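Hi,

Here is the structure I promised to pass on.

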Amino acid sequence: MLDLGFVSAILPNKTLWEVLDFAHAQQFACVEIMCWPSSNADTRRYAGVSHIAVDSLSSDELLALKAQLALHPVKISALGYYPNPMDPNEEQALFYREHIKKIIQAAAILGIGTVNTFVGRDYTKNVAYNIGKFTEVWPEIVALADSLNIKIGIENCPMFFTDDEWPGGKNLMTTPKIWDQLFSIIPSKNFGLNYDPSHMVFQMMDYTYPIYHYADKLHHVHLKDVKVYPEKLNRVGILANPLEYHSPKIPGLGDIHWGKFISALNDVRYRGPIVIEVEDKAYEGSDEDIEKAILSARNHIKQYLP
């Protein structure tokens, strides 16, 4: 009913086929494959990973890859790329948007129905300014996706963790109120969410609320946990940089009740991919630790799956 997978960003040293073979050996149904550009990539943690280099493959090469992928038992849930397409540096923003378009076109050739990304944000400006900017830059991208019948899953991460992302964060798509405004501007059925519940937890919000209220916009789901430290929060408050009071965790080691979360998905009859995203620093010491993180998360989630 739910296709369990993981995000390939945590395995940067493996090839595409090594990632897929690992997924098959460990009983995963799918993988979200990262497609960062070969140049001008973000240098933050988990960025810059490319298991399919869409900017260096011709249409014929993509078609050949499609034929090879069709023979593999593990499927690709989505192509992923998470830059800031509304960066205040317009040259950078344009590069990011153009690469998103390349990924959409590649997805259509490969027969992969979803591309996941961020809306982006000029983090130095308020929400109203950024909604205006969204109106300028995103209709063209979604129109391309519509023309090729590709879904766009926007992750709801605020991208505000440290001083360089202060005060607004680098992704506008953070709360249901803002989602409603953006979905009203672009009412396309293909424009929706790659929903990650962990980002609601550290914003002190109900992580099941979006499942019940945006069921028709759930194109893809990330499984990432988070732990909020009350003692730290009591000292710094919610207006502090979020990493001062919380930490990303693998599913089962944070504050999310995954049985409750998956029950909510079943309630609304969500039938898409659910993929584990590993950003837990406790498991970054070695390749062995990373694989343990993936498998530990898998074991915790599988107890709630039929």
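This is a predicted model: local features need pLDDT of at least 70, side-chain atom pairs count only at pLDDT 80 or more; totals for chains, interfaces and linings use all residues.

Where is the place of Ala78? Ala78 sits in strand 3 (residues 75–80); helices (H or I, at least four residues) and strands (E, at least two) are DSSP runs, numbered from the N terminus.

Residues are numbered from 1 along each chain as its sequence is written, and side-chain values use heavy atoms, with hydrogens and water left out.

Back to Ala78. Its relative accessibility is 0%, so Ala78 counts as buried (under 20% relative accessible area; exposed is over 50%, partly exposed in between, with a 1.4 Å probe and protein chains only). Ala78 and Glu32 are 46 residues apart in sequence, yet their C-alpha atoms are 4.9 Å apart in space. Leaving aside neighbours within four places in sequence, the contacts of Ala78 (heavy atoms within 4.5 Å) are Val31, Glu32, Ile33, Ile112, Thr114, Asn116 and His220.

Next, helix 1 (residues 16–25). Its buried residues are Leu16, Val19, Leu20, Phe22 and Ala23. Seen down the axis of helix 1, they fall within an arc of 160°, so they line one face of the helix; the arc is that of the directions from the helix axis to the C-beta atoms. The cover over these buried residues includes strand 1 (3–7), strand 2 (30–34), helix 2 (59–70) and helix 10 (287–302). Just after helix 1, Gln27 has a positive phi of about 70°.

Now the helix pairs. Two packed helices are described by the angle between their axes and the distance between the axes. Axes here are lines fitted to C-alpha atoms, for helices over the stretch in contact, and angles run from 0 to 180 degrees between N-to-C directions.

Helix 1 and helix 2 pack at about 20° with their axes 12 Å apart, and they are therefore roughly parallel to each other (under 35 degrees; over 145 is roughly antiparallel, 65 to 115 roughly perpendicular and the rest oblique). Leu16, Trp17 and Leu20 of helix 1 make the contact with Leu65, Gln68 and Leu69 of helix 2. By class, that contact of helix 1 with helix 2 has 5 nonpolar, 1 polar and no charged residues (Ala, Val, Leu, Ile, Met, Phe, Trp, Tyr, Cys and Pro count as nonpolar, Asp, Glu, Lys and Arg as charged, and the others, Gly among them, as polar).

The axes of helix 2 and helix 3 (residues 90–110) come within 8 Å and cross at roughly 50°, which makes helix 2 oblique to helix 3. On the helix 2 side are Ser59, Leu62, Leu63, Leu65, Lys66 and Leu69, meeting Ala106, Ile109 and Leu110 of helix 3. That contact of helix 2 with helix 3 divides into 7 nonpolar, 1 polar and 1 charged residues.

Last, a loop residue. Thr208 lies between helix 6 (198–201) and helix 7 (209–213), and Thr208 is buried, with a relative accessible area of 7%. Its C-alpha atom is 7.5 Å from that of Pro197, 11 residues apart along the chain. Setting aside neighbours within four places in sequence, Thr208 is in contact with Lys260 and Ala264.

Cheers
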